[in-house]
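I opened this model to look through its strands, its core and its overall dimensions. My entries follow in the order I made them.

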Amino acid sequence: MSGLDDVIAAETRLSEVDGLNGRLVICGHNLDALAGQKSFEAMLTLLLPDLLSTSEKAVRAELAQARLQAFRAVARLDRDLVSLSVTEGLRALMARLPDGEDKSVAMLQVAAPAVFVPALIRAKAGQEPVPPDAGRGHAADMLAMLTGDQPSEERINALDTYLVTVSDHGLNASTFTARVVASTRAGYASAVLAALGALKGPLHGGAPGPVLDMLDAVATPDNATAWLAGEISCGERLMGFGHRIYRARDPRADALKAALNRLGAAGGMDAGRLALAEAVEREALAALRAAKPDRVLETNVEFFTALLLEALGFPRDAFTGVFAAGRVGGWIAHAREQIETGRLIRPQSRYVGPKAA
């Protein structure tokens with residue numbers, strides 16, 4: 001009970017995580033019918049049907065205007081803020097946005113991470129931020145604000161696939177935090193800010209970067225078996241494997257691996273890097289099954305997230321912020337769903353301290 005395992009804390013129409021069968025359903029659609037098939041804007045029409053237009057084109061235009069509004073906060077970047085990590089800088093910038101429960105606040109919250117993360121990355125590299133372009137789609141504009149160049153269709157589709165894949169995933173730590181805060185009627189901005197605080201922790205959303213550290217350490221496919229065996233014998237965790245909920249392969253891992261294959265060399269995917277990752281995955285799964293036969297430790301979303309975001313040009317210390325740019329749609333949808341219940345979340349605790357005299 002200490003982790004609230006198996007406790008039903010909410011009823012939701014947003015997503016179902018079937019950990020036993022390795023299946024993720026979002027708004028009535030299997031993930032494989034969404035990832036690589038729909039844009040982030042189309043995903044928002046599913047997550048927020050009672051708030052947004054059902055037209056993908058209309059949502060694209062509204063989200064573009066929200067990005068332009070968010071960019072105004074970038075003008076107030078200061079040295080102290082830029083010296084923070086990307087995640088902490090994102091949190092600080094998000095805290096400057098207006099709060100409330102209306103549509104304009106919700107759209108601004110959804111749009112802002114895609115603006116703030118590239119601006120922070122560029123500022124930390126000594127570069128000027130690139131303003132949004134209302135003529136672009138959300139994923140395309142996020143990439144353009146990162147590099148200053150018009151991204152290829154392969155790269156746009158890859159980022160869209162990622163944002164859709166991570167948009168919602170049941171009652172995880174950050175989403176539950178967002179619902180708790182929303183239940184107090186504090187506003188969407190407060191709910192998202194609290195969710196960002198939960199996301200910063202290394203046990204939730206913090207592992208994609210270390211996946212790349214692992215690949216760097218292995219260096220070549222020939223080294224994979226020995227290096228992984230050494231880590232397991234020392235009791236070290238292999239990053240990108242195992243999940244609290246899934247007792248089968250994480251379906252998001254397959255969605256992102258497919259996105260990597262579609263990205264290909266034309267989109268910037270290094271074939272040697274992908275071959276190394278596939279060798280590490282293959283050897284890691286075999287080693288984990290041999291060393292821990294009583295546990296199910298399959299590839300999770302973080303393994304291929306790391307490769308995809310690296311190929312798209314995001315530095316590894318920004319991966320949590322890019323994740324937030326996708327998950328914020330789910331946070332707002334859950335916050336809205338919780339507000340509609342009209343019920344404050346207030347669980348009970350069991351006192352185990354000393355008895356009063």
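**Hairpins and sheet**

I began with the hairpin of β2 and β3, which has two residues between the strands, and found Cys-27 there with a positive phi near 55°. Strands here are DSSP E runs of at least two residues, helices are H or I runs of at least four, and both are numbered from the N terminus.

I noted the conditions: this is a predicted model, in which local features need pLDDT of at least 70 and side-chain atom pairs count only at pLDDT 80 or more, while totals for chains, interfaces and linings use all residues. Residues are numbered from 1 along each chain as its sequence is written, and side-chain values use heavy atoms, with hydrogens and water left out.

Next I checked the pairing between β2 and strand β3 (residues 29–30): the two run antiparallel and are joined by two bridges. Two strands pair if DSSP finds at least two bridges between them. Opposite Asn-30 in β3 I found Val-25.

I then moved to strand β1 (residues 15–18), which pairs with strand β2 (residues 23–26) over four bridges in the antiparallel sense. Asp-18 has Arg-23 in β2 as its bridge partner. This hairpin, of β1 and β2, has four residues between the strands, and Gly-22 takes a positive phi near 65° in it.

Taken together, I have an open sheet of three strands in the order β1-β2-β3, with antiparallel pairing. Its edge strands, β1 and β3, each pair on one side only.

**Core**

I looked up the largest nonpolar core and got 113 residues, with Phe-116, Leu-159, Tyr-162 and Phe-314 having the most contacts inside it. Such a core is a set of buried Ala, Val, Leu, Ile, Met, Phe, Trp, Tyr and Cys residues joined through side-chain atoms within 4.5 Å; buried means under 20% relative accessible area, with a 1.4 Å probe and protein chains only. Helix α5 (residues 103–124) gives the most to this core, 14 residues.

I followed Tyr-162 beyond its neighbours within four places in sequence: it is in contact (heavy atoms within 4.5 Å) with Leu-256, Thr-305, Leu-308, Leu-309, Val-322 and Phe-323.

**Whole chain**

I counted 15 helices and three strands in the protein chain. The radius of gyration, over C-alpha atoms, is 20 Å, close to the 21 Å that the globule rule (2.2 Å times the number of residues to the power 0.38) gives for 357 residues, so the chain is as compact as a globular protein of that length. Of the 357 residues, 52% count as buried.

How values were computed: Buried means under 20% relative accessible area, exposed over 50%, partly exposed in between (1.4 Å probe, protein chains only).
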